[in-house]
Every structure is written in structure tokens, then in C-alpha cells.
Amino acid sequence: MAVFHNGFDVRRRWFLLLTLLAFALALVTGGILWHSVEMSSISEIQTWVDAMRPVFAGSRLFLIALVAMAWPFLVDILHRWGRIGEVQASTMRALRWRIVTWFVVIELVLGQNLLGQVLTVLQGSRA
């Protein structure tokens, strides 16, 4: 077992592990999609994606709510473990709603396609 002498080595190790996990998940997702295309038609897959769209949106909103609720507990745990100091903990507590607000904005713009819907309405009003 390797012994890490400083925090940089630990962070580099976690970064590498999380990068490999993201790569593996992307490969698995790509494989599942490839298999789905091979086994069924594009229209069937599009129908399934359209049917699952509310579930995906609900799960993203649930995760945003989970971040909002769990944030203080996670900050307290990190502070108790000595990973962050008191000043960093208070700063992170203060940033909680800013981060949640940005998650909601990103969900509205990208997940719910709010920008595309606004542009469609504007194009419809010009016609």
C-alpha cells in the first residue's frame, strides 16, 4: 500500500480515480446506447427518451434539493475531520444558496431548455 506524504498526492490520486470512473461510466453508457440502437429503431428509442424525460428532470431536481439540504452536514463533517478550517467552513456555509441557485439556473437553461423555449416564442411572435 502506498503512503502519501502530502495533500497534493492524495488530491491527484482522487482526481485520477474520479476521471477513470467518469470514463468508465461514459463507456458503459455509450455501450448501452449502441446496443439499444442495434436492437431497436431510433423512433422507439426517441419514444422511450421522451417518456423518461420527466423522470430525468425530477431526479436532477431531487439531487439539487439533496445538495441544498445536505450542504451544512457535509461542511460540518469536513470541519470535524480537520479537512477545512473554521473560516473555510463558514465561507462554504455562506456559499450554499449561491451554488444551489446556480444549479437551478443551469437546470432551467439546459435541462428544461428554457432559453430554447424563449427563442421559439420570440420567433413565433415575429411571424
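Buried means under 20% relative accessible area, exposed means over 50%, and partly exposed lies in between, with a 1.4 Å probe and protein chains only. Keep that in mind as you open this predicted model, in which local features need pLDDT of at least 70 and side-chain atom pairs count only at pLDDT 80 or more, while totals for chains, interfaces and linings use all residues. Residues are numbered from 1 along each chain as its sequence is written, and side-chain values use heavy atoms, with hydrogens and water left out.

The tour follows charged pairs. Side chains of opposite charge can pair when their charged atoms come close. A salt bridge here is a side-chain nitrogen of Lys or Arg within 4 Å of a carboxyl oxygen of Asp or Glu, and the structure holds four salt bridges.

**First stop: R12 and D9**

Select R12 and D9, whose side chains meet in a salt bridge at 2.7 Å, N to O. Both belong to helix 1 (residues 7-39), where they are three residues apart and so separated by about one helical turn; helices are DSSP runs of H or I with at least four residues, strands are runs of E with at least two, and both are numbered from the N terminus. R12 has 48% relative accessibility and therefore counts as partly exposed.

**Second stop: R60 and E107**

Now select R60 together with E107, which form a salt bridge with their closest N and O atoms 2.6 Å apart. This pair links distant parts of the chain, since E107 sits in helix 3 (residues 86-111) and R60 in helix 2 (residues 42-80), 47 residues apart. Is E107 buried or exposed? With a relative accessible area of 7%, E107 is buried, whereas R60, at 31% relative accessibility, counts as partly exposed.

Stay on E107 and display what surrounds this residue. Leaving aside neighbours within four places in sequence, E107 is in contact with A57, R60, L61, I64 and Q112, where contact means heavy atoms within 4.5 Å. The side chain of E107 also makes a polar contact with the side chain of Q112, at 2.7 Å; such a contact is a pair of N or O atoms within 3.5 Å, and within protein one must be able to donate a hydrogen and the other to accept it, while residues adjacent in sequence count only if both atoms are side-chain atoms.

Finally, select R93 and D76, whose side chains meet in a salt bridge at 2.9 Å, N to O. R93 lies in helix 3 and D76 in helix 2, so the pair ties together parts that are 17 residues apart in sequence. R93 is partly exposed, with a relative accessible area of 32%, and D76 is partly exposed too, with 27%.
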